[in-house]
Amino acid sequence: MKGSYTVKVRNRRVTYTIELERNLTVICGDSATGKTTLINSIAFYEEFGDKSGVTIDSSKECHVLKGKNWYSDLVSFKDSFVFVDEGNDFLFTKEFASAISKTDNYYIFVTRENLYQLPYSAKSILELKKTTSRFKHTYNRTYPLYDHLEEIDDMSTGISAYLVEDSNSGFDLFSLIADRRGIKCISAHGKNRILSKLENLKKTKVVVVADGAAFGANMAGVYDYTLTHTTDVLLYLPESTEWLILSSGIIKDKEIDSILNSPADYIESEKYMSWEQYFTHLLKAKTQGTIAEYSKKHLNEYYTNNKNIEQIIKAIRGS
Amino acid sequence: MLNIYFGNMPDAIYNTDVYFQNVYEDEWITDDFAREVIKKIDKSEVLDSNAIKSPVLGIIPPERLAGGTKTLLLIKNVPDKVFNASTCGDNCAGFILRLARDRDITINLRHMMHFGNSAFKVRVLNDDRIVTGMKELVPEAYKYV
């Protein structure tokens with residue numbers, strides 16, 4: 001499945017509007033915002049259809065996955081939106097992560113826990129909020145949980161270090177950018193090590209650089225760290241290093257522009273578990289056999305010349 | 001005092017919703033604590049032990065209270081069990097701290113709950129360390145969640 005969707009679930013008293021843009025979405029937030037009522041309404045509709053009293057406005061079928069038979073139920077779901085409520089501990093297993101890879105469904109998980117085995121985006125962490133009440137009817141809608149975070153437009157003033165999730169091409173790229181500004185660049189050697197590295201960098205103003213497209217599980221930890229160490233840590237979360245390079249315009253290609261304008265319309269969930277994987281594939285495919293041939297392991301020298309680095313820096317400012 | 005075990009805790013009751021539905025007693029719903037929690041979290045009014053007036057859902061039974069409310073009532077009324085308090089949103093954190101003022105409470109958290117900016121005292125059971133606020137709790141908790 002690919003594309004962006006709006007799902008509306010309604011009963012006599014409440015309407016829920018859910019915006020989906022990627023294959024993996026997490027809904028969390030305060031208690032009593034209607035998360036479980038939403039899932040129950042979908043389950044009623046799944047069981048009884050129109051005779052449930054629930055109306056679902058969706059271009060795809062909606063299913064609720066739960067209980068011991070989750071695996072056999074899952075294999076029967078095709079081209080659907082699959083919802084999982086909290087309380088289902090299979091959600092945290094490697095078996096589940098493996099079972100949903102290479103499927104053509106979009107998945108929506110209700111949980112506050114970090115799903116480290118799944119590559120979901122920081123932008124796909126949503127919360128349900130009431131928008132309005134009219135004539136005894138309440139309208140709830142999903143909003144991105146971290147939407148209030150401001151984009152960084154200055155990666156140099158007062159910054160002492162970049163802490164980069166990556167240790168390969170992404171690290172090479174940000175090392176070059178940091179070097180030009182006299183800033184130290186450190187690799188965390190993986191996103192799960194960012195917090196422990198931050199602890200070692202106390203009293204240093206740091207920009208954490210990570211692939212936002214797959215940073216969902218780590219977002220809460222780093223965000224909570226910024227909340228409790230307010231002045232010390234900034235976040236720069238492009239979709240991925242490859243997305244940043246593609247966005248810089250270094251590789252001239254009309255299709256790239258169209259894709260970057262609306263990635264959801266191009267990224268097939270059955271092939272790509274995360275947008276990060278897709279943009280790596282895209283950059284490799286568009287540069288294969290050329291002077292700019294991209295490798296994830298080491299940054300091709302083509303990207304390190306003055307003109308191209310400046311273009312990438314410009315893309316950072318504009319992203 | 002509040003004791004927290006972070007991460008997977010096999011002995012904890014994970015699906016608090018199911019457990020609540022099968023064990024709750026009428027008086028859990030009508031005591032002062034429950035009335036206050038239901039008013040604050042669910043924005044609802046307890047009419048009697050089987051009827052709660054919700055502004056969104058109408059008259060509902062206790063089974064349809066918020067997941068966080070059910071877990072708070074379990075923590076209060078079943079002191080010999082440990083419950084997965086990751087079914088509670090941050091809007092439940094103040095009530096957990098309040099329950100822990102009067103007696104030792106142990107909860108299991110599988111995510112980082114925000115207990116607010118004021119000082120508090122929590123024992124992290126994973127490495128038996130006492131922390132006194134969010135700044136200390138965050139790096140400690142994220143070793144495990």
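Okay, let's start with a term: a residue counts as buried if 20 or more other C-beta atoms, placed from the backbone, lie within 10 Å of its own. By that rule, 43% of the 319 residues in chain A are buried.

Quick housekeeping. This is a predicted model, where local features need pLDDT of at least 70, side-chain atom pairs count only at pLDDT 80 or more, and totals for chains, interfaces and linings use all residues. Residues are numbered from 1 along each chain as its sequence is written, with chains lettered from A and ligands numbered from 1 in the order in which they are written.

Staying with chain A: we have 10 helices and 13 strands, taken as DSSP runs (H or I, at least four residues, for helices; E, at least two, for strands) numbered from the N terminus. Its C-alpha atoms fill a box of roughly 65 × 45 × 40 Å along the principal axes.

Now over to chain B, and one pair of helices. H3(B), residues 32–40, and H4(B), residues 67–77, have axes that come within 10 Å and cross at roughly 160°. That makes the two helices, H3(B) and H4(B), roughly antiparallel, a label for angles over 145 degrees. Those axes are lines fitted to C-alpha atoms over the stretch in contact, with angles running from 0 to 180 degrees between N-to-C directions.

So who touches whom? From H3(B) we get B:Phe33, B:Ala34, B:Val37 and B:Ile38, meeting B:Thr69, B:Leu72, B:Leu73 and B:Lys76 of H4(B); contact here means C-beta atoms, placed from the backbone, within 7 Å.

Methods. Angles under 35 degrees count as roughly parallel, over 145 as roughly antiparallel, 65 to 115 as roughly perpendicular and the rest as oblique. Two residues are in contact if their C-beta atoms, placed from the backbone, lie within 7 Å. A residue is buried if 20 or more other C-beta atoms lie within 10 Å of its own, exposed if 12 or fewer, and partly exposed in between; C-beta atoms are placed from the backbone.
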